[in-house]
Amino acid sequence: MAIPISYNLRNLRVRKITTLTTALAAALSVLVLVAVLALEAGLRRSFEVSASPKHLIVMRGGSTSELVSLITRENFQDILSRDGIARDPKGRPLASLEMVTVVTVSLPEGREMNVNLRGMTTTGWEMRPQLRLTAGRVFEAGAREIAVGQAIADQCPAARVGGSLRFGDTAWTVVGIVSDGQSAFNSEIFGDLNQVSSEYRRFDLLSSVLVESASDDLTPLARSLREDRRLNLAVESERDYYEGQMAAAIPVRFMGMIVALALALGGAFAAMNTMYTAIARRSWEIGVLRVMGFSRGSVLLSFLLESMLISLLGGAIGCLLALPLSGFEAAIGSFSTWSQVSFRLRVTPEILLTGLAFAGLIGAVGGLLPARSAARKPVIAALRAL
């Protein structure tokens, strides 16, 4: 026969201060865990919405990112001749030769940020319908004009329409502000391919080719490009490419998990101390419960449940404290591109449930030994405290 849960709830109400103090220890660890998972979810979402399910990114074989890849214009012409590439209404293949490099943008108060400068043709712009202008217009071919991601414009006054940014030896005029919801493109600058490549004296050594497949199945086109040994190409879907960029979150997640686990250990010890104290004070209650016919297993489960309830209360507090983080703008440096990616934290229901489960685990670990001690207490010894 199980001990009614009302017994545990009554004890929690009686020991309000102790319950709340122990719960706060669990709340802190849950807050850190939820914050780390929200950061990772926000970054993942940023990369996910940047990718199209029908796009392939073609780079030089062995390249890990567009920044270190080298594709020639001759390679590009060979790629255009492949079957399986989608075409626009005018019959032109939907393939965009692009150059990506890192530039430094000066921010107020002497700060700087590294961002991707992407040189591309109008085809590349048309292949990304999610790119929308919130102000100004698209850069013109043959002009030293750029369109700037919204996240950059928000931080840099010079990166607004009518302003100018200096890259290399030239000042570039900002003619448009680009917003793509929560995607990584909000942290990029776009310009005409020929102008960007000539500025950096990379007339023939460009970075990558974005290709749109005519079929939903990308495998045949990818295999055709990958297996041509003359070209030595690395080909992957745009989704897989951006998934690989999630490596930027690994150090942050690792450090966050270490902090969360350290705090969880402290929370477990707090729960353990609280429950040992409760057992010492309620020794006679344990004896009475045993005399009433409740088994050792029932006593163990009851005190274990009580410890978990305290931690779950802390978990709920930690989740409530973490809710305002959702939508908070953050930025992280990518080790693949050496540039900064801005994104918004996402506190999802799944993350909140993970936080609550983590709190329950803290309570279970901290309450197991005290609950076992209560269950093994001899009836006569327990009643002597009455």
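**Close-up views of a predicted model**

**View 1. The lining of the second largest cavity.** Four nonpolar, one polar and five charged residues make up this lining; Ala, Val, Leu, Ile, Met, Phe, Trp, Tyr, Cys and Pro count as nonpolar, Asp, Glu, Lys and Arg as charged, and the others, Gly among them, as polar. Look for Ile57, Glu66, Glu98, Arg118, Arg128, Ser208, Val209, Leu210, Glu238 and Tyr242. Strand E11 (208-212) gives the most, with three residues (helices, H or I, of at least four residues and strands, E, of at least two are DSSP runs numbered from the N terminus). The volume is about 30 Å³, the space filled by probe spheres set on grid points joined across faces, edges and corners. A cavity is a set of points on a 1 Å grid over the protein atoms alone where a 1.4 Å probe fits but cannot get out, and lining residues have an atom within 4 Å of a point.

The model is predicted: local features need pLDDT of at least 70, side-chain atom pairs count only at pLDDT 80 or more, and totals for chains, interfaces and linings use all residues. Residues are numbered from 1 along each chain as its sequence is written, and side-chain values use heavy atoms, without hydrogens and water.

**View 2. The largest nonpolar core.** Among its 45 residues, Trp125, Leu131, Phe139, Phe190 and Phe343 touch the most other members. Helix H2 (residues 16-48) brings the largest share, 11 residues. Such a core joins buried Ala, Val, Leu, Ile, Met, Phe, Trp, Tyr and Cys residues through side-chain atoms within 4.5 Å; buried means under 20% relative accessible area (1.4 Å probe, protein chains only).

Methods:
Buried means under 20% relative accessible area, exposed over 50%, partly exposed in between (1.4 Å probe, protein chains only). On a 1 Å grid over the protein atoms alone, a cavity is a set of points where a 1.4 Å probe fits but cannot get out, and a pocket is an open set with protein on both sides within 12 Å along at least five of seven lines; lining residues have an atom within 4 Å of a point.
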